Amino acid sequence: MSASEEVWVLGINMTKFGKYPDLDAVDLAANAVIAALADGGVTMKDIGVVAAGNLLGNGAASGQNVLKQVGQTGVPIYNVSNACATGATAIRTVVMAIRAGEVDMGLAVGVEKLSGVGLLGPGGQGNKDAGWEPKGRYGAVGGIDGRLGTQAMPGVFAQVGMEYLHTYGQTDVSVFARISEKNHSHSTLNPLAAYNKAMTYDQIINDVMISYPNTRPMCSANCDGAAAAVLVSGSKLKTMSLEQRRRAVKISASVLTSDPYQEACQVLPDVNTLTRNAAKIAYEQSGVGPADLDLVELHDCFATAELVHYDNLGLCAPGEAVSFFESGAPWRDGKTPVNVSGGLQSKGHPISATGIANVWEICHHLRGEAGPRQIEGAKVGLAHVIGLGSACGVHVLEKSSV
Amino acid sequence: MTNNSTATQIPFVGYLELNDGEPHLVAHECRSCGARFFDRRNLCANCSGAEFKSVAVATHGTLRSFSIVAFAGPGVEVPFVAALVDCDGTTVRGNLINCDPTPDAVHLGMAVRLATYSLGADSNGVEAINYGFEPDLGKETR
């Protein structure tokens, strides 16, 4: 990092992702916070700042309400909102506070209750009986979803993947289902994933079609879950126990970008340029290159999204994402394992938790604590999330040398 | 459609022009950098320029991306083909119409052209006209 103060992950936790009919979002967040504090060997009294994310709770799981469950210490709380990049934004906020020298320890938490909410996106086409009347910035006389293309996520991200194929003159869509096959296979080793079932290519393509080429298992799984991280300054960490220093994970890069103008971005959100920009900054900050990465957790909100991010994160040469996948590289025994957690398609995607949970996954491997799914000898990893609108968070994480 | 139907038509969106020659789309183009927008912008998103002019968007293009949407929100009829069309350098979003919503019928890079269709009349007899893109059978697909 360019600033003098290093920032480390001291403690981190994710709940199992899945269905929690008896726990609300505040309970889930509190569980993750309590476990993250315990993981770091500290308490709420040590925390100088909190950043909290929860998109669908309408404020019910604000940082304030979470602290009412775990310790109302009066510290500043930043409730952050950045679509699917909300969790990474919470981490980024705490990193900035520590690097600014205002605090030496902070807490990031993200939580979502999503199981059973169904398709996220707009609906309704207006009521012509009430009279066609122009409304909104486009002067539309009715709902535009389904009449001017799609605004729903499965179709938006389907177009992202199809555009990549078109750009590079490819036509075979089978790669997308095979990416999904990989992630569902990876999830069988992750006891915290919402789904742990391997699926064959045929099972995937013959499942319910949502938005061609994305079938249901190729879409991120709506589920409940929370994740929390305790971050600490490098100078504070030096005063802590050997065990804490050994398990701490260095945040070698912490980057948040938004989408710069591109010609087509008004009709299809551009998830590429801001990811490429974030990756470039992250590699510069950390001095780590794509070839150094032992594992990557990237934002596979749909199978069609994972493909483009191989390229955007520089895991392959420009235009080579399909052959990168076909080489076997992103499988857990490949050159650059991608989404060994099962990814959003199988581990699940409780939106605001996602950008902390993928950092947890990387830390789990760098600490050598990932059990049967451990990537042996992992020393450096990258976590990436995208929120439409758009925001991109990239964190590069490195194992402690202690 | 009645004889005076043109007087009681309304475009589905403000940027669809029905009364100035053949139906076409109209964009706000930044006078400084040429970036085009279908909605109003306070300043240009690309260069922060403050002046815009209205320009007609090409009515022929190629299919840059698509998805065949089989599952959608309440009230949205499925399946439909959501399309991104490159209209001579301006990318436009719309449905692919007059084409089977199947992977066999839709191809990346296929030639398409703007077409309009009626969404029906409201209780005042005003008919909403929307645009989509249809296969341009006069052109070879590439």
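A: Here it is, and keep in mind that this is a predicted model. The second largest pocket has 21 lining residues, and A:E163, A:T167, A:D270, A:N272 and B:R64 are the ones nearest its centre.

Q: What volume does the second largest pocket have?
A: About 390 Å³.

Q: Which elements give two or more residues to its lining?
A: Those are α4 (153-167), α9 and α10 (303-312), each of them in chain A. The most comes from α4(A), which gives five residues.

Q: And how do the lining residues of that pocket divide into nonpolar, polar and charged?
A: There are nine nonpolar residues, six polar ones and six charged ones.

Q: OK, on to α9(A). How many residues does it have, and how far does it reach?
A: α9(A) has 14 residues and spans 20 Å from first C-alpha to last, close to the 20 Å expected at 1.5 Å a residue.

Q: Which of the α9(A) residues are buried?
A: A:T273, A:L274, A:T275, A:A278, A:A279, A:A282, A:Y283 and A:S286.

Q: What do those buried residues of α9(A) pack against?
A: They pack against four elements of chain A: β8, α10, β10 (380-387) and β11 (391-399).

Q: What follows α9(A)?
A: A:G287 comes after α9(A), and its phi is positive, near 70°.

Q: Is A:T257 buried or exposed?
A: A:T257 is buried, because its relative accessibility is 11% and the cut-off for buried is under 20%.

Q: What is A:T257 in contact with, leaving aside neighbours within four places in sequence?
A: Its contacts are A:L274, A:N277, A:A278, A:I281, A:S390, A:A391 and A:C392.

Q: Now α10(A). How many of its residues are buried?
A: Ten of the ten residues in α10(A) are buried, so this helix is largely enclosed by the rest of the structure. Among them are A:E306, A:H309 and A:D311.

Q: What comes after α10(A)?
A: α10(A) is followed by A:G314, which has a positive phi, near 75°.

Q: Switching to aromatics, how many aromatic pairs are there over all chains?
A: A search of the whole structure finds ten. One of them is A:Y261 with B:F37, a tilted pair at 5.9 Å centre to centre with 55° between the planes. This pair crosses between chains: A:Y261 is in the loop between β8 (249-258) and α9 (273-286) of chain A, and B:F37 is in strand β4 (residues 36-37) of chain B.

Q: Are A:Y261 and B:F37 buried or exposed?
A: Both are buried, with B:F37 at a relative accessible area of 1%.

Q: Why is the pair of B:F37 and B:F52 edge-to-face?
A: The planes of B:F37 and B:F52 are at 80°, so the pair is edge-to-face, and the ring centres are 6.2 Å apart. The two residues are 15 apart in chain B, with B:F37 in strand β4 and B:F52 in strand β5 (residues 52-57). B:F52 counts as partly exposed, at 23% relative accessibility.

Q: Last one: which residues form one aromatic cluster?
A: A:Y138, B:Y15, B:F38, B:Y131 and B:F133.

Definitions and conventions. Residues are numbered from 1 along each chain as its sequence is written. Chains are lettered from A and ligands numbered from 1 in the order in which they are written. This is a predicted model: local features need pLDDT of at least 70, side-chain atom pairs count only at pLDDT 80 or more; totals for chains, interfaces and linings use all residues. Side-chain values use heavy atoms; hydrogens and water are left out. Rings of Phe, Tyr and Trp (its six-membered ring) pair if their centres lie within 6.5 Å; planes under 30 degrees apart count as stacked, over 60 as edge-to-face and the rest as tilted. Buried means under 20% relative accessible area, exposed over 50%, partly exposed in between (1.4 Å probe, protein chains only). On a 1 Å grid over the protein atoms alone, a cavity is a set of points where a 1.4 Å probe fits but cannot get out, and a pocket is an open set with protein on both sides within 12 Å along at least five of seven lines; lining residues have an atom within 4 Å of a point. Grid points are joined across faces, edges and corners, and a volume is the space filled by probe spheres set on the points. Ala, Val, Leu, Ile, Met, Phe, Trp, Tyr, Cys and Pro count as nonpolar, Asp, Glu, Lys and Arg as charged, and the others, Gly among them, as polar. The expected span of a helix is 1.5 Å times one less than its number of residues. Contact means heavy atoms within 4.5 Å.
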